[in-house]
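Hello,

Here is the structure for you to look over. My notes follow below.

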Amino acid sequence: MSEQSAYSIYSSNHPIHPEVRLRGTMQFDLRSAEGRDYRIMVSIPDLEAPQEGYPVVYALDGHAIFSTLLEAERAQCRRKEKTRVTPSIIVGIGYPSELPTSSERHYDYTLPVPVDNLPPSRDGLPWPEYGGADYFLRFINQVLKPKVESLLPVNTDHQTLFGHSFGGLFTLHVLFSSPESFRNYVSISPSLHWGQPQIAEEEQQFAARLRTEARKHHLLIAAGELESDAPFHMLQNACALAERLAPLQAHGLNVQFREYAGENHGSVVPTAVSTALRTAAL
């Protein structure tokens, strides 16, 4: 698919209606070395780039979050002295299906944990293919980032990864296993119950490494007040993780935790966007 000057939202059920376009955006497809296809949405900031280039926010589940992040960034970045939101490039990573949460994400965002450690699926059926997180990270670092950097002036030292649910789990996996990939990490309602024991082991290894090789990273962990129910206890797991990581502040990891009152697993995402953009500006 050729690059387009705008990202279009179009319903085939109403072909006579004009397309709705998001100003200052582009969309294109990329393929990974493993032959997996991705649909990429990129915003073009309308404010002049700083000398070092624009910061970049890479958002997983791109078709669910790209436009929300984009409009929040545009509304706030013009008064950055008050909002603390910096003009940035927003990159949404989606799939050709253009579904808000495509089934392909299950492979890309999950870890290769032992099958005996998998929690029961919601429908009682076997889990779909999983465990491709490292291949997906390689696609981001080796294919997607160079493409974005060829299109726009990018500050390669100021990049953020934003993920929710399985995407939040993937975000933590990247921080723990390949922290140099991004400066800032935003993990919303991470599916920590799914990635055990691997994600816990990676956390311990990351903490040990950070104590001897200090790095500067910012991590936002957030969840909704209504995400405390069994069997997943997402709020409690997210809060406990933030508490465990808090002592690493002395070694360069700035950890924030936010609990959003009255929000559930789906509604917490747009609620957290402004906090996420401020984290991306750090």
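H8 has a kink of about 40°, centred on Ser274. The bend at a residue is the angle between axes fitted to the seven residues ending there and the seven starting there. This is a predicted model: local features need pLDDT of at least 70, side-chain atom pairs count only at pLDDT 80 or more, and totals for chains, interfaces and linings use all residues. Residues are numbered from 1 along each chain as its sequence is written, and side-chain values use heavy atoms, with hydrogens and water left out.

Helices (H or I, at least four residues) and strands (E, at least two) are DSSP runs, numbered from the N terminus. H8 covers residues 268-280; its 13 residues should span 18 Å at 1.5 Å a residue, and its end C-alpha atoms are 18 Å apart, which agrees. The expected span is 1.5 Å times one less than the number of residues.

Two strands pair if DSSP finds at least two bridges between them. S5 (residues 54-59) and S6 (residues 89-94) pair in the parallel sense over 4 bridges. Tyr58 stands opposite Val91 in S6.

Best wishes
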